[in-house]
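Look at the structure first, then read on.

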Amino acid sequence: MVPTFWLLGLVLAPAQAPSRPYPGPSAPALRGDWSLTPQLARGQELLYRGTFTEEAKGARVQFHRDYRFEARYFVLDAPPRGLEVAVLTTLKSRLTKVGPGVQINPTSTSVRLERVLVDLRGKVTTDTLASLAIPLEGAPTIECGAFVESPGKLVSPGRTWDRPEQGRPPIGWHVVGREVVFGTSCIKVVATQQSPEWDRPRAGVGAWRRTDTIWMAPRLGVAQRVERVIEQREPARTETSQRSVLHYDLESSLQYPGALSEDRRQEINQALAFRDGAAPMLTAPAKYSRQLAVLKAKIEFHLQNQPPTPYREGVFHVKRQVEAGLRGEAAPAPMGPSMHLSGALAIGEKAPDFAASDFASSTVRLSHYVGKPVVLVFYSPTSVTAPELLGFAQGLSTTFARHATILGLSVSDDSKVVLDQRAALKLTFPLLFGGGLRINYAVETTPKIVVIDATGAVRGAYVGWGRETPTEVLAELRHWIGAH
């Protein structure tokens, strides 16, 4: 019994600073200069919990969404020049309001597991093609805001610096001073980033501003609390039309010894290995049915023979993808590895507005079509079901040309494949890139068809392609055309 209590004591005790050396002090210097360097050790796990809310009050779109947020950071390794960290981000919907007195409780969950590298300045990168960028619309599927990219030296109150971001204006950082959060004296830093149109509104172009406020715990060199506010404005407007707030706090920092640490490390590495093995097969599952069956057996063997950890959801996610592939459903090209969406759009909910490229030089917004029903057809151009599905969509477009709009949304951004297929099938309805809509429209596999009424509310959502699908979609569309 004594060894057991000793082991539990090690796990439940707060994590200590690592023994390896870091540049700068491990605590604030007496003269008021502070280090923002991450000070974590191999086997250390940080758990953050909070909320994400998103609200739109524009003339075109109105909604309110609430999510529970959780992020786990597990240090896989701590070499001399930085950290290798597994990040598991989970979002679970709580409440959606879609108009006065109308509340919906959809069952949707986003789970994403990613391996990242954190250098001694707190800069987070990944050695894969996955994007770590903060989305300006919708909830973040991967959250690395616990780390602050510092200027690489001690900072003091009033210090400012800029950091570039690909495809966006630079982020400006400012050290405000000290504040106490849950009994911990923290370094408060604020980051701001905004589009050029925020201060100079103009017609035809919307504007946005992002503000991150982070309270850094000096002993760990990571956030004790994070609050991110993203505001959006409609073109030529000065009032905010859409606002999202992400808020989370550090709940625990634990050092896992021996076997407990190794169980987590093995599960994370196995989940990522399953993901990487499945990815090339899921774009054309019919071609790889035998290999997918073998992979499914390996996943099930792992689930049955290895102790579960908090990172098991990453394994479950790949299993769901493989099972969908065996049913002939093509997985969309990932906007982030190990991301999972479950649940459907709530019937009656306002369809999220979006702007999507038409694979040429134009952008199409869903809100432009409000006033008559719209059918969104999410598809993978390489799927064996694509020709039949797109033929059905073309039939709808021809039959209801005056009464409804049909939009094809490819989850692949390969414009040549999409445009060649359009020419071969003689399609006349718009084809757009829909890969960025996976969160808001809960697109985990394709095909998926969403029917929207003339007011912009979701009236039907159909996943997969079977004999009954055309009949169901056609009946739903006819109903809302008749109601218009």
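The crossing of helices H3 and H4 is left-handed. The model shown here is predicted. The axes of H3 and H4 come within 10 Å and cross at roughly 150°. An angle over 145 degrees counts as roughly antiparallel, so H3 is roughly antiparallel to H4.

Which residues of H3 meet H4? On the H3 side they include Leu292, Leu295, Ile299 and Leu303. On the H4 side, Val315, Phe316, Val318 and Val322 are among them. By class, this contact has ten nonpolar, three polar and five charged residues.

The model also holds an open sheet of five strands, in the order S18-S17-S16-S19-S20 and with mixed pairing. The edge strands are S18 and S20, each of which pairs on one side only. From one strand to the next, the twist averages 20°. Strands of a sheet pair through backbone hydrogen bonds, either parallel or antiparallel. S16 and S19 pair in the antiparallel sense, over five bridges. In this pair, Val377 stands opposite Ile449 of S19.

| Strand | Residues |
|---|---|
| S16 | residues 374-379 |
| S17 | residues 405-410 |
| S18 | residues 431-433 |
| S19 | residues 448-452 |
| S20 | residues 458-463 |

Helix H5, residues 386-399, lies across S16, S17 and S19. What is the angle at which H5 runs to S16? The angle is about 165°.

Notes: Residues numbered from 1 in each chain as written. Predicted model: local features only at pLDDT ≥ 70, side-chain atom pairs only at ≥ 80, totals over all residues. Heavy atoms only, no water. Axes fitted to C-alpha atoms, helices over the stretch in contact; angles between N-to-C directions. Helix = DSSP H or I, 4+ residues; strand = E, 2+ residues; numbered from the N terminus. Parallel < 35°, antiparallel > 145°, perpendicular 65-115°, else oblique. Left-handed = near helix turned anticlockwise from the far one by under 90°. Contact = heavy atoms within 4.5 Å. Nonpolar A, V, L, I, M, F, W, Y, C, P; charged D, E, K, R; others polar. Pairing = 2+ DSSP bridges.
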